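Thanks for coming. Please have a look at the structure first.

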Amino acid sequence: QLFLANTLPDDGVEDMTKLNYLHEPALLNNLRHRFERNHVYTYTGKICIAVNPFDWQVSEPLYQESVLLRYRAKEMGELPPHVYAVAEDAYQRLIAADRGDGGKNQSILVSGESGAGKTESVKIMMQYLAFVSKSGDTNRVAEQVLASNPLLEAFGNARTLRNNNSSRFGKFIEIQFNNAYRMAGARIHVYL
């Protein structure tokens, strides 16, 4: 079966809901096209798809503090796709409760196959939330939550053909914020 192809701009389409033709080959072609141009993140509506570049030269610039600061207080879709935008969106919706905008508890689901970068994506978002919630001073709770992750990764992992540190369990990380929206605690539930 033949499918109609999208004509892609140089950097591909940042939000795949804007493609003219929405079928699996078209979506995969856009992801491939963006990946070849070192665009690791692509949106599909509110979903952020990450393609692991397996390349520190590509990854390192994505997570510099200057990039983090650009995503602070920005709407999702205002800047190029990034997990910082996902974390910022959740944080802003959490804060919205006090403004009467219907804010409430937020969840971010991170899913993917072995070696896809799920653990790294969670760490990156936790670092973002720790940074934006500490208001310039040291947040000991955030430091403790981030420091506990390598310890958790040491248990229940196995070596596979694709990944030296593949998880054999699922984690639900609950990050708690105080009334000033600073990280106040965390609970980690291990399942599977």
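Let me begin with Tyr 63, which counts as partly exposed because its relative accessibility is 25%. Keep in mind that this is a predicted model.

Now to Tyr 84. Is Tyr 84 buried or exposed? Tyr 84 has a relative accessible area of 4%, and since the cut-off for buried is under 20%, Tyr 84 is buried.

Tyr 71 and Tyr 84 form an edge-to-face aromatic pair, with 6.1 Å from centre to centre and 65° between the planes. Tyr 71 sits in helix α3 and Tyr 84 in helix α4, 13 residues apart, and the pair links these distant parts of the chain. Both Tyr 71 and Tyr 84 are buried.

How many aromatic pairs does the structure hold? The count is 4. Another of them joins Tyr 63 to Tyr 84: the ring centres are 6.2 Å apart and the planes stand at 80°, so this pair is edge-to-face. Tyr 63 lies in the loop between α2 (56-62) and α3 (65-71), while Tyr 84 belongs to helix α4, so the pair ties together parts that are 21 residues apart in sequence. Put together, ring pairs link Tyr 63, Tyr 71, Tyr 84 and Tyr 128 into a cluster.

Next, the helix packing. At what angle do helix α4 and helix α5 pack? Helix α4, residues 83-95, and helix α5, residues 118-133, pack at about 50°, and their axes are 9 Å apart. The crossing of α4 past α5 is right-handed.

Which residues make this contact? From α4 they are Val 83, Tyr 84, Val 86, Ala 87, Glu 88 and Tyr 91. From α5 they are Ile 124, Met 125, Tyr 128, Leu 129, Val 132 and Ser 133. Sorted by class, the contact of α4 with α5 has 10 nonpolar residues, 1 polar and 1 charged.

His 33 is found in helix α1, which covers residues 24-36. With a relative accessible area of 12%, His 33 is buried, because it falls under the 20% cut-off. What does His 33 touch, leaving out residues up to four places away in sequence? Its contacts are Leu 8, Pro 9, Asp 10, Asp 11 and Gly 12.

Definitions and conventions: Residues numbered from 1 in each chain as written. Predicted model: local features only at pLDDT ≥ 70, side-chain atom pairs only at ≥ 80, totals over all residues. Heavy atoms only, no water. Helix = DSSP H or I, 4+ residues; strand = E, 2+ residues; numbered from the N terminus. Buried < 20%, exposed > 50% of the residue type's maximum accessible area, 1.4 Å probe, protein only. Contact = heavy atoms within 4.5 Å. Axes fitted to C-alpha atoms, helices over the stretch in contact; angles between N-to-C directions. Left-handed = near helix turned anticlockwise from the far one by under 90°. Nonpolar A, V, L, I, M, F, W, Y, C, P; charged D, E, K, R; others polar. Phe/Tyr/Trp six-rings, centres within 6.5 Å; stacked < 30°, edge-to-face > 60°.
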